[in-house]
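Colleague: I would be grateful for a close look at one part of this model, namely the helix packing and the charged pairs that accompany it. Please take the packing before the pairs.

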Amino acid sequence: MIELAIIVSLQSEIPAYEQIKAQIKAQILSGELAADEPLTSMRQLARDLRVSVITTTRAYGDLEAEGLIYTVQGRGCYVKGNADLVREQYVRSVGDALAAAANKGKAAGLTLAELQRRLEEAFHGQRH
């Protein structure tokens, strides 16, 4: 079982389960977590991060619903072997969203530089 490298900020506006989910998802999609690799148990992760088991259960449940992990009853949660497929779907979705944003930006009279600035702000979590 791999030790998950996760940091949770309880002062963040983002709920703890979302922070956990996003970090595990990033590790799966980057290949840092390999197919069929066992994840830290929900109880152990909750202890390590000092959050409730409900929080880790929600994060793992969302990851399973997104097709990134699977559960084996009585054994734990594992990384699904379809990370490349899921990543391709995310990349395609990003492309579609960017095309839609570009079209809306053009309709609003934004320049390419303004669109790029707004994308950078969104990427870094800043509001304009």
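**Helix packing and charged pairs**

Modeller: Helices H1 and H3 pack with their axes 8 Å apart, at an angle of about 45 degrees. That angle makes H1 oblique to H3, and the crossing of the two helices is right-handed. The model is a predicted one, and the description below should be read accordingly.

From H1, the contact draws on Ala16, Tyr17, Ile20, Lys21, Ile24 and Lys25. From H3, the partners are Thr55, Thr56, Arg58, Ala59, Tyr60, Asp62 and Leu63. Sorted by class, the contact of H1 with H3 comprises seven nonpolar, two polar and four charged residues.

Side chains of opposite charge can pair when their charged atoms come close. The structure holds five salt bridges. In one of them, the side chains of Lys21 and Asp62 meet at 3.6 Å, N to O. Lys21 belongs to helix H1 (residues 16-29) and Asp62 to helix H3 (residues 53-65), so this pair ties together parts that are 41 residues apart in sequence. Lys21 has a relative accessible area of 10% and is therefore buried.

Lys25 forms a salt bridge with Glu66, and here the closest N and O atoms are 2.8 Å apart. Lys25 lies in helix H1, whereas Glu66 lies in the loop between H3 and strand E1 (69-72), so this pair also joins parts that are 41 residues apart in sequence. The two partners fall in separate accessibility classes: Lys25 counts as buried at 17% relative accessibility, while Glu66, with a relative accessible area of 29%, is partly exposed.

A further salt bridge links Glu121 with Arg117, the closest N and O atoms being 2.9 Å apart. Both residues lie in helix H5 (residues 112-123), four residues apart, which is about one turn of the helix. Glu121 counts as buried at 14% relative accessibility, and Arg117 counts as partly exposed at 38%. Salt bridges that share partners also join Glu18, Lys21, Lys25, Asp62 and Glu66 into one network.

Helix H1 also contains Gln19. At 10% relative accessibility, Gln19 counts as buried. Leaving aside residues up to four places away in sequence, Gln19 touches Ile7, Val8, Ser9, Ser12 and Ile14.

Helix H2 (residues 42-49) packs with H3 at an angle of about 120 degrees, the axes being 8 Å apart. This angle makes H2 oblique to H3, and the crossing of H2 and H3 is right-handed. On the H2 side, Met42, Arg43, Leu45 and Ala46 take part, and they meet Val53, Thr56, Thr57 and Tyr60 in H3. The residues of this contact divide into five nonpolar, two polar and one charged.

Conventions: Residues are numbered from 1 along each chain as its sequence is written. This is a predicted model: local features need pLDDT of at least 70, side-chain atom pairs count only at pLDDT 80 or more; totals for chains, interfaces and linings use all residues. Side-chain values use heavy atoms; hydrogens and water are left out. A salt bridge is a side-chain nitrogen of Lys or Arg within 4 Å of a carboxyl oxygen of Asp or Glu. Buried means under 20% relative accessible area, exposed over 50%, partly exposed in between (1.4 Å probe, protein chains only). Axes are lines fitted to C-alpha atoms, for helices over the stretch in contact, and angles run from 0 to 180 degrees between N-to-C directions. Angles under 35 degrees count as roughly parallel, over 145 as roughly antiparallel, 65 to 115 as roughly perpendicular and the rest as oblique. A crossing is left-handed if the near helix is turned anticlockwise from the far one by less than a right angle, and right-handed if clockwise. Contact means heavy atoms within 4.5 Å. Ala, Val, Leu, Ile, Met, Phe, Trp, Tyr, Cys and Pro count as nonpolar, Asp, Glu, Lys and Arg as charged, and the others, Gly among them, as polar.
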